[in-house]
Amino acid sequence: MREDDRPKSHGVTWKSIAITLVLIPFNFYWIIAGEVGLVGYALNTYAVPFYNVVFVVFAFTLLNFTVRRRLFTDAELLTIYILLSTACAFPSITLMTILVTTVGHAFWFATPENEWKQLFWDYLPKWLLVDDPKVLAGYYVGESNLSTLDIIGAWLVPTLSWAGFMTVLVLVMLCINVILRKQWVERERLAYPITQIAFHVTHNTKSLFSHRITWLGFGIAASIAILNGFSFLYPTLPTLPIKRIGGWRGFGHLFTEKPWNAIGGISMSYYPFVIGLGLLMPLDLSFSSWFFFIFYKAQLVLTSAIGLSSLPGFPYIDRQCFGAAIGIFISVLVLNLRHLRGVLRIVRHRTGEDADEPIPYRFALWGIVGGLVILFVFSKRIGMSPWLIPLFFAIYFIIVLVLTRMRAEQGFPVHAMENMPNHHILVDGFGTRLLGTNNLVALTLYRWFNRSYTSNPMPHQLEGFKLSERSGIAPRRLLRY
């Protein structure tokens, strides 16, 4: 049966949407509790797929088998996974958590010694921040009633403003994904390794759990976790060291002689879930992961041996990464030129060839243009120079587009690009004097959404389109119901 003739499933139902809305607050608390240290140090969103989302869908799958009549169809379970995984990208420690802590930081921690008030208070947009000491005392110290009108009034405008900004940013990502969906999902047939777990858990459940190897892998991982958990509670019990063997520094500090002492930290871990995800990764990615790690360490040793390590930042590993991202972006752009020309032709002549897309191409293009205009106006209002705004967002969307492509093609389970934020690139390129205080303040206010890219929502959106195509859910139903 051709793909176009395949019956479209009705997974996007009111039931699946309602269940997702109920689950979102609990999963948000799960993420926040794990990532800010309320219950330990468990970074839910540092590796994909997010384990809290996989657990929820797995629990509903088991529930289906325990009742006489199935509560959810396979397509509904997959819809819950798609919506929940996209939503859970937001409250992570590399995205919205940083934003919340930014809103009052400059005012609460200003002291006569650091001279923040004299240096940049006048450049801070008060409509985006909270500067009332009484309100901030309730946030930082506690013992305050959140429902008082003074507190609500102080937080309302910044909350709505940042929420609107984030909504526009995500809508631009979604429109870009709509433009790329047909080429990447249907024509190039990219592998999307990250989506394999969700699809097989929801659609091939009986087959998946009928294999002994599945239960063997589950038993090994569960036994290690249970043993180490009991060992944490009862230290007299033995443990199986699987994470950060050698501590955060690893084994790098054991090399004391030049030039080997420049090798830096080498921390080893044996997480069972990472080993499992590694089996889904293409062989060339598995090879490049360890090869380029060794190559990176070799550069550090070699530069120390030839006396170049005294140069600040040399061998500029972070800029090498950004250069690689630019190279990937250019190659993707060249490979997709024919498709992009076809999109413009469809928009210009309105041929109706985009009838199966989540939204028509003309709406997607207008969404990108309109969204960028709003982002430009927003950035101008917070003090960013007009010449810097397009450059800033060009770099940002290049990085997230490359990240989305890497996830779609290779299935990177972890992509903490913590050394590639825009402000590092722009400051290194232009210098602080040319940028000026107003731009430096604006770049700092924007640091929350380009700090690490670990839980960026754009790859989750496109993976949702891939899962909907594979399971027979009409892509348009993910946006319209």
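Tyrosine 453 sits in the loop between α18 (422–445) and α19, where the helices (H or I, at least four residues) are DSSP runs, numbered from the N terminus. Residues are numbered from 1 along each chain as its sequence is written. The model is predicted, so local features need pLDDT of at least 70 and side-chain atom pairs count only at pLDDT 80 or more, while totals for chains, interfaces and linings use all residues; side-chain values use heavy atoms, with hydrogens and water left out.

Most residues other than glycine have a negative phi, and most peptide bonds are trans. Tyrosine 453, although not a glycine, has a positive phi of about 65°. With a relative accessibility of 2%, tyrosine 453 counts as buried; buried means under 20% relative accessible area, exposed over 50%, and partly exposed in between, with a 1.4 Å probe and protein chains only. Tyrosine 192 is a residue other than glycine with a positive phi, near 50°. Tyrosine 192 belongs to the loop between α8 and α9 and is buried, its relative accessible area being 1%.

Which peptide bond is cis, with omega near -5°? It is the bond from valine 48 to proline 49. Proline 49 is found in the loop between α1 and α2 (51–66). Lysine 258 and proline 259 are joined by a cis peptide bond, with omega about 0°. The position of proline 259 is in the loop between α11 (212–233) and α12 (272–280).

The next topic is charged pairs. A salt bridge is a side-chain nitrogen of Lys or Arg within 4 Å of a carboxyl oxygen of Asp or Glu. By this rule, the count is twelve salt bridges. One of them links glutamate 76 with lysine 15, with the closest N and O atoms 3.5 Å apart. Because glutamate 76 lies in helix α3 (residues 74–87) and lysine 15 in helix α1 (residues 14–35), this pair ties together parts that are 61 residues apart in sequence. Glutamate 76 counts as buried at 7% relative accessibility, whereas lysine 15 counts as partly exposed at 39%.

Aspartate 74 and arginine 70 also form a salt bridge, their closest N and O atoms being 2.7 Å apart. Aspartate 74 counts as partly exposed at 22% relative accessibility, and arginine 70 counts as partly exposed at 46%.

In a further salt bridge, glutamate 469 pairs with arginine 189, and the closest N and O atoms are 3.1 Å apart. Glutamate 469 is in helix α19 (residues 457–471) and arginine 189 is in the loop between α8 (149–187) and α9 (195–203), so this pair ties together parts that are 280 residues apart in sequence. Glutamate 469 is buried, at a relative accessible area of 5%, while arginine 189 is partly exposed, at 40%.

Rolling a probe the size of a water molecule over the atoms shows where empty space is left. On a 1 Å grid over the protein atoms alone, a cavity is a set of points where a 1.4 Å probe fits but cannot get out, and lining residues have an atom within 4 Å of a point. How many cavities of 30 Å³ or more does the structure hold? It holds two.

The largest cavity has a volume of about 80 Å³. Of the 14 residues lining the largest cavity, Tyr81, Ser85, Ile194, His460 and Glu463 are the closest to its centre. The elements that give two or more residues to this lining are α3 and α19, and the largest share, four residues, comes from α19.

The second largest cavity holds about 30 Å³ of space. Its lining consists of Thr94, Leu95, Phe449, Tyr453, Thr454, Ser455 and Asn456. Phe287, Trp290, Phe291, Phe292, Phe293, Ile294 and Phe295 make a nonpolar surface patch of about 710 Å². Patches are made of residues with over 30% relative accessible area and no salt bridge, with like charges joined within 9 Å and nonpolar side chains (Val, Leu, Ile, Met, Phe, Trp, Tyr) within 5 Å. Isoleucine 294 is located in helix α13 (residues 283–305) and counts as partly exposed at 47% relative accessibility.

Definitions and conventions: Areas by Shrake-Rupley, 256 points an atom, 1.4 Å probe, with all protein chains shown as cover. 1 Å grid on protein atoms, 1.4 Å probe; cavity = no way out; pocket = protein on both sides within 12 Å on 5 of 7 lines; lining within 4 Å. Points joined across faces, edges and corners; volume = space filled by probe spheres on them.
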